[in-house]
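This report concerns a single model and is intended to be read alongside its sequence and coordinates.

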Amino acid sequence: MPDVALRRSAEVIASAGALLFTAGAGMGVDSGLPDFRGPEGFWRAYPAFAKLGIRFEEAANPAWFRRDPALAWGFYGHRLELYRRTVPHGGFGILARWAERAPSGAFVFTSNVDGHFQLAGFPEDSVMECHGSIHFLQCVEECHQGIFPAGRSE
Ligand SMILES: [Zn+2]
């Protein structure tokens, strides 16, 4: 980006009354998380799915908890551990500082399920996770208990 465009962007952000951050898989990549774009990256991270020829879009489906619970728990359990272990990169902190300076505050809309905006200091009620959060579980039976925290790892 040319300097002029960068400077103009900085001015717009600094003078904004409120900020809306939108984020997807790319936001996590700089923290070291895989983005699962394309089957090769996903299959390298999850060889069990490579053997079955299942792509990420097909794997990230609650139907697996009925069809093959061990596969489903292995997949989600591994991701939960990975996201818990990963430290959000410095960009999250920069956004959090911008958010504090915006007179009317800031809001995050993200497709990420890693909870890293909250970890970086964004209040829970300022983050909309449109694909849910890996830090919460839900019963596969529709027993209407809602969601509950995944708990802590030992
Ligand atoms: Zn239940």
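The sections below treat the basis of the model, its domains, its sheet and its core.

## Basis of the model

The model is predicted: local features need pLDDT of at least 70, side-chain atom pairs count only at pLDDT 80 or more, and totals for chains, interfaces and linings use all residues. Residues are numbered from 1 along each chain as its sequence is written.

## Domains

The chain is split into domain 1 (16–32 + 90–154) and domain 2 (34–85), with bounds taken from an automatic or database domain assignment. The C-alpha centres of domain 1 and domain 2 are 21 Å apart. Ten residues of domain 1 and twelve residues of domain 2 take part in the contact, where two residues are in contact if their C-beta atoms, placed from the backbone, lie within 7 Å.

On the side of domain 1 that touches domain 2, five residues are nonpolar, four polar and one charged. In this classification Ala, Val, Leu, Ile, Met, Phe, Trp, Tyr, Cys and Pro count as nonpolar, Asp, Glu, Lys and Arg as charged, and the others, Gly among them, as polar.

## The sheet

Three strands, in the order E1-E2-E3, form an open sheet with parallel pairing. Strands are DSSP runs of at least two residues (E) and helices of at least four (H or I), numbered from the N terminus; two strands pair if DSSP finds at least two bridges between them. Strand E1 (19–23) and strand E3 (127–129) are the edge strands, each pairing on one side only. Neighbouring strands are turned by 15 degrees against each other on average, direction ignored; axes are lines fitted to C-alpha atoms, for helices over the stretch in contact, and angles run from 0 to 180 degrees between N-to-C directions.

E1 and E2 are joined by five bridges, and Leu 19 has Ala 106 in E2 as its bridge partner. Three bridges link E2 to E3, with Phe 109 opposite Met 128 in E3.

A residue is buried if 20 or more other C-beta atoms lie within 10 Å of its own, exposed if 12 or fewer, and partly exposed in between, with C-beta atoms placed from the backbone.

The largest nonpolar core has nine residues, including Phe 92, Val 108, Phe 117, Phe 122 and Val 127. Such a core is a set of buried Ala, Val, Leu, Ile, Met, Phe, Trp, Tyr and Cys residues joined through C-beta atoms within 7 Å. Helix H8 (90–101) and strand E2 (106–110) each give two or more residues to this core, and H8 provides the largest share, three residues. Leaving aside neighbours within four places in sequence, Phe 117 contacts Phe 92, Val 108, Thr 110, Phe 122 and Val 127.
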